[in-house]
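Trainee: I have a model to read and would like to go through it one question at a time.
Mentor: Then put it up and ask.

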Amino acid sequence: MRNLRGPYKLMLVLLVCVSFYSAAPETKAEKDIEMEKNRIQIYSENPRYWQYKGEPILLIGGSVEDNLFQIRNLKAHLELLKSVGGNYVRSTMSWVDEGDVPPFKKVGDHYDLNQWNDEFWNRFRNFITWTHEMDIIVQIEVWATFNYYREPWAANPFNPKNNSNYTAEETGLPTVVKSHPVATENNFFWSVPKERNQQIVLKYQEKFVDKLLSETLPYGHILYCMDNETAVTAAWGEYWATYIRKQAAAVGRVVETTEMWDPWDLSDEKHKATFDHPETYSFCDISQNNHQKRQRHWDNAQKIRTKLSPIRPINNIKIYGADGGRFGSTRDGLERFWRNIFGGFASARFHRPDSGVGLSEIAQAHLKSMRMITDEMNVFKCEPSNDLLSNREENEAYTFANPGQEYAVYFPNGGSVDIDLNAVDQTDAQKLTIRWLNIAKSGWETKEEIPVSDSITVSAPTEGHWAVLIQSK
């Protein structure tokens with residue numbers, strides 16, 4: 001099996017893997033149909049969202065680390081996430097932190113890129129197995145950008161000084177890269193045919209991706225992102241998204257792919273490579289917008305959501321913001337989380353500490369509260385609807401609504417606004433149910449029924465994070 005490459009190796013892996021469904025069909029064709037039905041895919045009735053196992057799904061999460069499969073007590077961490085309503089994690093294919101292990105085997109003083117480190121892949125295999133069992137969706141970043149610059153590159157098995165498979169002279173790869181990834185000075189990311197066509201390097205890059213796919217393609221709960229905060233040529237991501245889709249198709253699988261660009265400004269030209277090419281990228285990730293604050297954070301994201309064509313899911317795998325971190329306060333991070341979901345996006349996950357609040361106690365409370373209110377609504381029929389609000393100050397309140405049926409308003413820090421309810425049936429028998437959710441305490445605190453009117457004023461009970469759910473009865 002060591003000498004097999006590409007779809008042949010993947011086919012062999014899939015042929016020998018066990019069935020993941022208790023009532024598995026008997027024939028391969030039936031298994032393929034069942035797999036296609038149950039995999040994560042664009043929701044047929046509203047392509048802004050995902051469906052999984054045939055049902056629409058809203059993805060929310062948070063975790064202590066990005067390369068989560070490398071941590072100790074992984075299963076307990078996943079169980080904690082699940083217990084507070086989370087169902088979404090990130091997995092960078094990374095190995096730079098203390099306690100991490102690399103994917104390749106070290107033989108003597110050098111790595112052999114033809115041999116795998118069983119510990120790395122066993123950890124990853126457990127992670128994929130447990131997330132599958134818990135119905136937690138995994139968004140993988142195939143190339144962990146920061147592994148290939150500065151100190152991590154100095155120890156990276158792909159660095160020619162660290163492996164026995166190629167030299168710097170043969171490949172043109174640097175042995176030292178001192179700059180930040182935004183400078184794109186490691187031509188490891190220029191190996192693809194449309195760029196330098198460095199076949200020696202590309203051979204081992206493909207080998208790594210083939211191994212990754214052999215572990216993940218038997219499952220249906222995986223989303224594939226090519227990079228983390230990349231600034232390199234668009235040809236790189238295009239090559240790997242196309243490669244992964246072709247490798248999946250060769251073994252009868254369909255997968256969802258995206259790219260994550262570095263610029264914080266979503267109007268930057270680099271983002272167009274994702275937005276404008278649905279044939280390559282079936283969904284988008286706008287995590288870098290989560291550096292923006294307050295009203296600007298909402299407005300920038302809504303511009304993209306409004307003009308994206310064809311409509312596709314837009315994910316947020318990283319919500320920045322934590323006290324003591326570099327990318328805003330804890331309040332910033334919590335507000336961004338709520339604005340993303342009330343903004344009509346498919347996912348939101350708190351970034352790991354200290355760039356985000358991770359799965360801390362405050363993150364757990366907000367995850368639980370988000371699930372509490374969205375479970376009471378049909379979010380897949382709702383739209384961001386700030387146009388229904390009046391007497392609103394900037395960043396005071398955000399509305400997510402299916403006009404005539406239900407309205408949810410999020411208050412980042414208390415406040416009072418008027419909401420237009422003209423779409424609600426105005427018959428005498430019709431009533432409005434109003435429920436207030438104390439987000440910090442994950443508890444419904446007040447409930448009342450009132451007659452329908454053209455407009456009502458909703459005022460948060462106190463300062464702090466609140467949400468109100470208004471439904472017609």
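This is a predicted model: local features need pLDDT of at least 70, side-chain atom pairs count only at pLDDT 80 or more; totals for chains, interfaces and linings use all residues.

Trainee: What is the volume of the largest pocket?
Mentor: Rolling a probe the size of a water molecule over the atoms shows where empty space is left. For the largest pocket, the volume comes to about 590 Å³.

Trainee: Which residues are closest to the centre of the largest pocket, and how does its lining divide by class?
Mentor: The lining has 7 nonpolar, 10 polar and 9 charged residues. Of the 26 lining residues, the closest to the centre are Asp-66, Phe-146, Asn-228, Glu-229 and Arg-352.

Trainee: How many cavities of 30 Å³ or more does the structure hold, and which residues are closest to the centre of the largest cavity?
Mentor: There are 2 such cavities. The largest cavity has a volume of about 90 Å³, and 8 nonpolar, 2 polar and 3 charged residues make up its lining. Of these 13 lining residues, the closest to the centre are Tyr-219, Gly-220, Ile-222, Val-254 and Val-255.

Trainee: Is Asn-395, with its positive phi, buried or exposed?
Mentor: Asn-395 has phi near 65° and sits in the loop between strand E15 and strand E16. Buried means under 20% relative accessible area. Asn-395 has a relative accessibility of 5%, so it counts as buried.

Trainee: How does Thr-184 count by accessibility?
Mentor: Thr-184 also has a positive phi, about 50°, and lies in the loop between helix H6 and helix H7. Its relative accessibility is 21%, so Thr-184 counts as partly exposed.

Trainee: How many residues of H7 are buried, and how far apart are its end C-alpha atoms?
Mentor: At the start of H7, a side-chain oxygen of Gln-198 reaches to within 3.0 Å of the backbone nitrogen of Ile-200. H7 is largely enclosed by the rest of the structure, because 15 of its 18 residues are buried. At 1.5 Å a residue H7 should span 26 Å, which agrees with the distance between its end C-alpha atoms, 25 Å.

Trainee: In which helix do Arg-331 and Glu-335 lie?
Mentor: Their side chains meet in a salt bridge, 3.2 Å from N to O. An α-helix has 3.6 residues a turn, so residues three or four places apart point the same way. Arg-331 and Glu-335 are 4 residues apart, about one turn, and both lie in helix H11.

Trainee: How many residues apart are Arg-435 and Glu-376?
Mentor: Arg-435 forms a salt bridge with Glu-376, with the closest N and O atoms 3.2 Å apart. This pair links distant parts of the chain: Arg-435 is in strand E19, Glu-376 is in the loop between H12 and strand E14, and they are 59 residues apart.

Trainee: Which residues do salt bridges with shared partners join into one network?
Mentor: The structure holds 19 salt bridges. The network is made up of Glu-65, Asp-66, Arg-90, Glu-141, Arg-349 and Arg-352.

Key. Residues are numbered from 1 along each chain as its sequence is written. Side-chain values use heavy atoms; hydrogens and water are left out. On a 1 Å grid over the protein atoms alone, a cavity is a set of points where a 1.4 Å probe fits but cannot get out, and a pocket is an open set with protein on both sides within 12 Å along at least five of seven lines; lining residues have an atom within 4 Å of a point. Grid points are joined across faces, edges and corners, and a volume is the space filled by probe spheres set on the points. Ala, Val, Leu, Ile, Met, Phe, Trp, Tyr, Cys and Pro count as nonpolar, Asp, Glu, Lys and Arg as charged, and the others, Gly among them, as polar. Helices (H or I, at least four residues) and strands (E, at least two) are DSSP runs, numbered from the N terminus. Buried means under 20% relative accessible area, exposed over 50%, partly exposed in between (1.4 Å probe, protein chains only). The expected span of a helix is 1.5 Å times one less than its number of residues. A polar contact is a pair of N or O atoms within 3.5 Å; within protein, one must be able to donate a hydrogen and the other to accept it, and residues adjacent in sequence count only if both atoms are side-chain atoms. A salt bridge is a side-chain nitrogen of Lys or Arg within 4 Å of a carboxyl oxygen of Asp or Glu.
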